[in-house]
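This report walks through one protein model, part by part. Keep the structure in view while reading.

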Amino acid sequence: MTSAGFVALIGEPNAGKSTLMNRMVGAKVSIVTHKVQTTRTRIRGVAIEGDAQIVFVDTPGLFQPRRRLDRAMVAAAWSGAADADVVVLMVEAHRGVTEGVERILERLDEVGGDRPVALAVNKIDRVKSEVLLGLTKQLNERYDFAQTFLISAEKGHGVEDLRKWLASRMPEGPWLYPEDQIADLPMRMIAAEMTREKLTLRLHQELPYQLTVETENWEERKDGSARIDQVIYVLRDGHKGIVLGNKGETIKAVGRAAREELEEFLGRRVHLFLQVKVRSGWLDEAERYSEMGLDFSDGNG
Ligand SMILES: Nc1nc2c(ncn2[C@@H]2O[C@H](COP(=O)(O)OP(=O)(O)OP(=O)(O)O)[C@@H](O)[C@H]2O)c(=O)[nH]1
Ligand SMILES: [Mg+2]
């Protein structure tokens with residue numbers, strides 16, 4: 001008998017949600033950086049464990065939103081949790097029960113309902129094992145978790161156990177995706193995300209939070225390669241200069257890194273063309289949100 005269902009990964013920004021999803025799926029379907037607020041929308045990745053199909057829903061980190069974009073991201077994360085069969089709350093071992101974790105637990109009290117919530121204490125490679133006992137005890141006293149896992153999403157510790165347990169919690173029924181499908185995200189969005197990852201890794205301070213990337217055109221070529229045109233929207237002229245870099249060095253490096261990753265992902269040659277456009281109002285344009293997979297009206301506040 002087959003089973004299938006949704007598992008939402010929630011937690012503070014940087015908790016390791018996307019890293020865990022990629023490991024579960026066995027491919028990089030969600031971008032990862034060392035910076036907070038990398039993931040902007042719900043991203044589905046599919047894993048198979050025995051007869052179970054587990055659809056992981058990677059979500060944006062939960063934090064106190066300030067801007068419209070932040071509010072839309074946080075709303076997308078909570079709705080991911082509300083739609084899931086099982087929720088996994090990820091907490092960073094070395095940070096413990098922060099104010100942010102405390103706020104998430106308060107909200108879980110409201111929206112958790114009778115949905116099982118598992119606790120995954122992540123980044124255990126960063127702490128001494130003594131720390132873990134106290135932390136899991138503290139968290140389990142605070143919330144009635146269905147199960148606790150000590151994991152390192154990056155190194156892989158504990159991930160198998162978590163995957164097996166999740167598989168056992170999937171409702172009986174037919175699989176939700178064809179067995180060879182690993183992600184449910186349009187290719188042009190995956191491609192835009194790859195470029196945004198490379199930009200986020202290279203740009204400093206607030207800049208990554210003030211840009212968005214869209215794939216404008218995707219052309220299949222006769223020789224089997226793809227020509228992909230993307231636009232990077234920034235808020236100000238000054239930002240454009242920084243994204244381009246001295247003699248265009250920055251954008252060239254970003255384009256090269258994104259293209260290499262895309263070629264690996266697609267298994268064929270890619271010609272990637274990046275263009276930077278100044279658009280002072282993009283953070284308030286509904287179309288930018290729908291391109292990102294977000295609900296514009298969620299940002300009202
Ligand atoms: N040491 C260590 N680092 C980890 C582990 N898991 C993730 N990381 C790192 O933590 C950082 C954040 O990882 P992400 O997967 O992007 O975190 P996220 O929760 O998706 O973050 P947002 O999308 O911003 O909410 C990256 O630098 C990861 O390499 C882990 O188990 N151990
Ligand atoms: Mg993420």
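## A buried alanine

Ala77 touches Ile10, Thr59, Pro60 and Leu62, leaving out residues up to four places away in sequence. The model in which these contacts are found is a predicted one. Ala77 belongs to helix H2. Its relative accessible area is 0%, so Ala77 is buried. The cut-off for buried is under 20% relative accessible area.

Sequence distance and distance in space are separate things. Ala77 and Gln37 are 40 residues apart along the sequence, and their C-alpha atoms are 12 Å apart.

What does Leu89 touch, leaving aside its neighbours within four places in sequence? Leu89 is in contact with Ile10 and Gly11, with Ile104, Leu105 and Leu108, with Val117, Ala118, Leu119 and Ala120, and with Phe145.

## An enclosed strand

Strand E3 covers residues 52-58, and seven of its seven residues are buried, so the strand is largely enclosed by the rest of the structure.

In general, the strands of a sheet pair through backbone hydrogen bonds, either parallel or antiparallel. E3 pairs with E1, residues 3-11, in the parallel sense over seven bridges. Within this pairing, Phe6 has Val55 of E3 as its bridge partner. E3 is also joined to E2, residues 43-49, by seven bridges, and these two strands run antiparallel. Here Arg44 has Val57 of E3 as its bridge partner. E2 and E3 form a hairpin with two residues between the strands, where Gly50 takes a positive phi near 60 degrees.

## The open sheet

Strands E8, E9 and E10 form an open sheet in the order E8-E9-E10, with mixed pairing. Which strands stand at the edges? They are E8 (211-220) and E10 (270-278); each has a single partner strand, so one side of each is left without a neighbour in the sheet. From one strand to the next, the twist averages 20 degrees.

E9, residues 226-234, runs parallel to E10, and nine bridges join the two. One of the residues involved is Ala226, whose bridge partner in E10 is Val270. Helix H6, residues 187-202, lies across E8, E9 and E10 at about 135 degrees to E8. Helix H8, residues 249-266, also lies across E8, E9 and E10, at about 140 degrees to E10.

## A buried lysine

Helix H6 contains Lys198. Is this lysine, at 9% relative accessibility, buried or exposed? Lys198 counts as buried because its value is under the 20% cut-off. Not counting residues up to four places away in sequence, Lys198 touches Lys28, Val254, Ala257, Ala258 and Glu261.

## Around the ligand

There are 23 residues around ligand 1, and Lys17, Thr19, Thr38, Asp125 and Glu154 come nearest. A backbone N or O atom of Gln37 is 2.8 Å from an oxygen atom of ligand 1. For Gly61, a backbone N or O atom is 3.2 Å from an oxygen atom of the ligand. A polar backbone atom of Thr33 is 3.5 Å from an oxygen atom of ligand 1.

## Two positive phi angles

Most residues other than glycine have a negative phi. Asn14 has a positive phi, near 80 degrees, and is not a glycine. Asn14 lies in the loop between E1 and helix H1 (17-25). At 27% relative accessibility, Asn14 counts as partly exposed.

Lys247, also not a glycine, has a positive phi of about 55 degrees. Its place is the loop between helix H7 (237-244) and H8. With a relative accessibility of 73%, Lys247 counts as exposed.

Terms used
Residues are numbered from 1 along each chain as its sequence is written. Chains are lettered from A and ligands numbered from 1 in the order in which they are written. This is a predicted model: local features need pLDDT of at least 70, side-chain atom pairs count only at pLDDT 80 or more; totals for chains, interfaces and linings use all residues. Side-chain values use heavy atoms; hydrogens and water are left out. Contact means heavy atoms within 4.5 Å. Two strands pair if DSSP finds at least two bridges between them. Helices (H or I, at least four residues) and strands (E, at least two) are DSSP runs, numbered from the N terminus. Axes are lines fitted to C-alpha atoms, for helices over the stretch in contact, and angles run from 0 to 180 degrees between N-to-C directions. A residue is near a molecule or strand if one of its heavy atoms lies within 4 Å of it. A polar contact is a pair of N or O atoms within 3.5 Å; within protein, one must be able to donate a hydrogen and the other to accept it, and residues adjacent in sequence count only if both atoms are side-chain atoms. Buried means under 20% relative accessible area, exposed over 50%, partly exposed in between (1.4 Å probe, protein chains only).
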